[in-house]
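Please read it alongside the sequence and the coordinates.

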Amino acid sequence: MSAPRSVLSKIARPYAAALFDLAGEGKVVEAVEKDLDAVAGLIDSSDDFSRFLVSPTITTDVKSAALGAILDKVKPVDLVANTLRLVAKNGRLFALAAIIAEFKALAADARNEVSAEVTSAAPLTKEQEKELAGVLKDKVGKDVSLITRVDESLIGGLVVKVGSQMIDTSLKTKLSAMKIAMKGVS
């Protein structure tokens, strides 16, 4: 699994770095990030679209045409539109999610910020998110932006991933650990 990620990172990094540099020069990093979030939302919300992007059987021309139609509706800033057209033209749309992730990491680093993926059994309130971000800021020493997801199978608690560190306080994990411990007791 790490080999495909490594390949995607090698492809994504130059595109993201160039986009970040150009956005910084034009002082539009925030607008670019917002538009990339919208594109990432499309990828995340549609399995068909995400499969379309990575499908090797769909030609670059077809993907470029479809992307053009999407860009006409979404109307991102020119820098984002041009970058996405270049990525499509170069046949690299399969790496689009990785390019967006790399750009977001560069932007977060420039703001002295780190992202934390938080999975909870139920949606967190704004107050809970604020409190969790504060606790994580104290722990990692940087501002923390939360990427929240809901997974009802956790039953309760949280799973928080900051960089390579993971904190799992979910009831599902605790129950699994108890089950394993009880099997060992005879």
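Is Asp-143 buried, partly exposed or exposed? Asp-143 has a relative accessible area of 34% and is therefore partly exposed, where buried means under 20% relative accessible area, exposed means over 50% and partly exposed lies in between, with a 1.4 Å probe and protein chains only.

The model is predicted, so that local features need pLDDT of at least 70 and side-chain atom pairs count only at pLDDT 80 or more, while totals for chains, interfaces and linings use all residues. Residues are numbered from 1 along each chain as its sequence is written, and side-chain values use heavy atoms, with hydrogens and water left out.

**Overall fold**

The protein chain holds 8 helices and 4 strands, taken as DSSP runs (helices H or I with at least four residues, strands E with at least two) and numbered from the N terminus. Read from the N terminus, the order of the elements is α-α-α-α-α-α-β-α-β-β-β-α. The C-alpha trace spans about 65 × 40 × 30 Å along its principal axes, and 31% of the 186 residues are buried. Of the contacts (heavy atoms within 4.5 Å) with a separation of 6 or more, 68% join residues 24 or more positions apart.

**The sheet**

The 4 strands form an open sheet of mixed pairing in the order β2-β1-β3-β4, two strands being paired if DSSP finds at least two bridges between them. Because β2 (143–150) and β4 (165–168) stand at the edges with a single partner strand each, one side of each is left without a neighbour in the sheet. From one strand to the next the twist averages 20 degrees, with axes fitted to C-alpha atoms (for helices over the stretch in contact) and angles running from 0 to 180 degrees between N-to-C directions. Strand β1 (residues 113–120) pairs with β2 in the parallel sense over 8 bridges, and Ser-120 has Val-150 in β2 as its bridge partner. Helix α7 (residues 126–140) packs on this sheet, where it touches β1, β2, β3 (158–162) and β4, and its direction makes about 130 degrees with that of β2.

**A helix pair**

Helix α3 (residues 47–54) packs against helix α4 (residues 60–74) at an angle of about 140 degrees, the axes being 10 Å apart. That angle makes α3 oblique to α4, since angles under 35 degrees count as roughly parallel, over 145 as roughly antiparallel, 65 to 115 as roughly perpendicular and the rest as oblique. On the α3 side Phe-49, Phe-52, Leu-53 and Val-54 take part, and they meet Val-62, Lys-63, Ala-66 and Ile-70 in α4.

**Salt bridges**

The whole structure contains 9 salt bridges, each a side-chain nitrogen of Lys or Arg within 4 Å of a carboxyl oxygen of Asp or Glu. Among them are these pairs:

| Pair | N to O distance |
|---|---|
| Arg-13 and Glu-102 | 4.0 Å |
| Glu-33 and Arg-111 | 2.7 Å |
| Lys-137 and Asp-143 | 2.9 Å |

Arg-13 in helix α1 (residues 2–25) and Glu-102 in helix α6 (residues 96–110) link distant parts of the chain, 89 residues apart. Glu-33 in helix α2 (residues 29–45) and Arg-111 in the loop between α6 and β1 likewise link distant parts, 78 residues apart. Glu-33 is buried at 9% relative accessible area, whereas Arg-111, at 38%, counts as partly exposed. Both residues belong to a network of salt bridges that also links Asp-37, Lys-104 and Glu-113. Lys-137, the partner of Asp-143, is partly exposed at 40% relative accessibility.
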